[in-house]
Amino acid sequence: METAVEVKNLDLAYNNFIVMRGLNFKVKKGEIFIIMGGSGCGKSTLLKTMIGLNPPQEGEILYNGLNFWDIDEQERQVIMRRFGVLYQGGALWSSLTLSENVALPLQLYSNLSVSQIQDVVLLKLGLVGLEDYADFYPAELSGGMKKRAGLARALALDPEFIFFDEPSAGLDPLSAKMLDDLILDLRDNLGATIVVVTHELASIFAIGDNAILLDADTKGAIAQGRPEDLLANSKDPRLISFLTRGEKQGAGR
Amino acid sequence: MPLEKITFDYSKPKTIQLMITGDWQLSAGLPPVNEVLAQLEAHSDIEQIGFVASGDFKWDSAFISFLFKLRAISGQKKIQFGTQGLPAQVEKLLKLIPAQTKKIIPDKITEESFLDKVGGRVISLKDAVLSILDFLGDTFLAFKRFAGGKAFFRKDDFFIIVQKCGADALGLVSLITLLVGVILAFIGAIQLKMFGAQIYIADIVGIAMVRVMGAIMTAVLVSGRTGASFAAELGIMQVNEEIDALKTLGVSPVEFLVMPRVLALVIMMPLLTLYADLMGIIGGFTVSVTVLGLNPVEYFNHTLTAVKLSNLWLGLIHSFVFGVIIAISGCYRGMECERSSVGVGEATTSAVVTSITAIVIATAIITFVCQVIGV
């Protein structure tokens, strides 16, 4: 499969502290790539660098071969228009209704009429099961509904790359499963390349085609591969401990 | 206290047994280890510490804390520490706490020597100045795009902001500026009564309110009300990643969020100031006519004669400048807010302090310039 995203020798910092050094990995087109690791290991910082919010200290991120951080702002914006991002809390604009939230990207980057935009908005909200809540404000929704609405907004422009920041965090098991199924549908039906930051084991094994494990102590990636293969073949106690919630070797103190 | 509930047994060779009974809970205070330490120093041949818990022994984390300290002391003195005589739960809890802790030093990009700290402060100051200039530049560019009809923002949001910072503030502005007019009239009356020139209260109140007091009082109120609200709104949007979501969508947050707020306040401040001027004059008029017994027609005519158009323009210039200061301070602090509840509080406070300080400085500058050019 063709490489969609390539990360080369990436160094990341957060508030003047180095969090990651010399990171290298590739994401293939149309796969679900999981960035996993314990809390505070730099997963979200990496995601923010990948989506254009935080510049890296060093290194490169290439989207379809184009160096994302070595081009001017205008060109980067063009690449970013192909992104859909679901933030941890949904990040819906609180002064806008759900339909207005989803409509905003369409108003900006499409030539659709108002009624056509409304049709697309209802379609996207329907995709996440929220078509009946179009006129609700984010404050009137539950956490799970906010995330689904955030996903509808992320999908508004049929993005080529979809990024998820801790999609299952704070959700009940059924909502988390529903979101996982939705991510699989997006890969299968839209052909999108999906990057998911998570430490939820159930999601990692349910949706991950490929994964990388970040480690706070070594400030780098300590494993990369398909989650099932990593668990079956790896001898690294940190990886096995992570993937078995500390129940197998390397666990405990 | 628990100390009375330890007894020491030396019946086994080179071993001290701590016989524990009684209340070893947090409610009784944290038990000290001094007594045990004194025993260990008095018996230098001790190679092992043991425990026997019996009777009405009650414990919680206070006892664990005591054991934790004692284990550390035993380690230093190379004395074996045996917890077999204690309840199983105590042993398990103690095992959870590592015997040796290592302090993790963050891997900072820069070393923190004295010169680095001084340099760091200078760089921080430079960064802060650049950040403000950057923000001002972005705001200017957003207005340029707005003038060219290219700015992207929601018109509905703009009108809601206009309503919030304009019409919704009328009650507060009315009350405060009416009272300022009343205060000015009373203060003027005390001095002018001595010369029998109380009618000049109309001049004092009219000129003071229209020239600067109306604008300043309105600015202080709007700063605490609207400036703080701008900082809090944008700060919370920063915390909730709403601003990140705009950026990844390629929408300029300055254009979408800051520009409508600045525009709304710059439009509403002069209008609020005109209203404040009127309320202040009404306050002074009411006191002068009802309490000080001045003729209402004479007061009205004196006000009309005293207040020149130049005073009105000056008041409006003040209000325009104050509007820009309050809106920029509030929005800048909100956009630069740290992603925490403390950060939002700090941004809000900082917005008000910054704008009021800047308002006083701007007033001083405008007054000085007016003095020089003779307005």
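Helix axes are lines fitted to C-alpha atoms over the stretch in contact, and the angles between them run from 0 to 180 degrees between N-to-C directions. Helices (H or I, at least four residues) and strands (E, at least two) are DSSP runs numbered from the N terminus.

Welcome to this predicted model, where local features need pLDDT of at least 70, side-chain atom pairs count only at pLDDT 80 or more, and totals for chains, interfaces and linings use all residues. Residues are numbered from 1 along each chain as its sequence is written, with chains lettered from A and ligands numbered from 1 in the order in which they are written.

Let us start with two helices of chain B. H7(B), residues 201–239, packs with H12(B), residues 341–373, at an angle of about 155 degrees, their axes 8 Å apart. That makes the pair roughly antiparallel, a label for angles over 145 degrees.

Next come the nonpolar cores: sets of buried Ala, Val, Leu, Ile, Met, Phe, Trp, Tyr and Cys residues joined through C-beta atoms within 7 Å. Buried means that 20 or more other C-beta atoms lie within 10 Å of a residue's own, C-beta atoms being placed from the backbone.

| Core | Size | Residues, among them |
|---|---|---|
| Largest | 143 residues | Ile35(A), Phe163(A), Cys331(B) |
| Another | 13 residues | Trp59(B), Phe63(B), Leu70(B) |

Finally, look at chain A. Ser95(A) sits in the loop between strand E6 (83–86) and helix H3 (98–109). Its C-alpha is 8.2 Å from that of Pro138(A), 43 residues apart in sequence.

Key:
Parallel < 35°, antiparallel > 145°, perpendicular 65-115°, else oblique. Buried ≥ 20, exposed ≤ 12 C-beta atoms within 10 Å, placed from the backbone.
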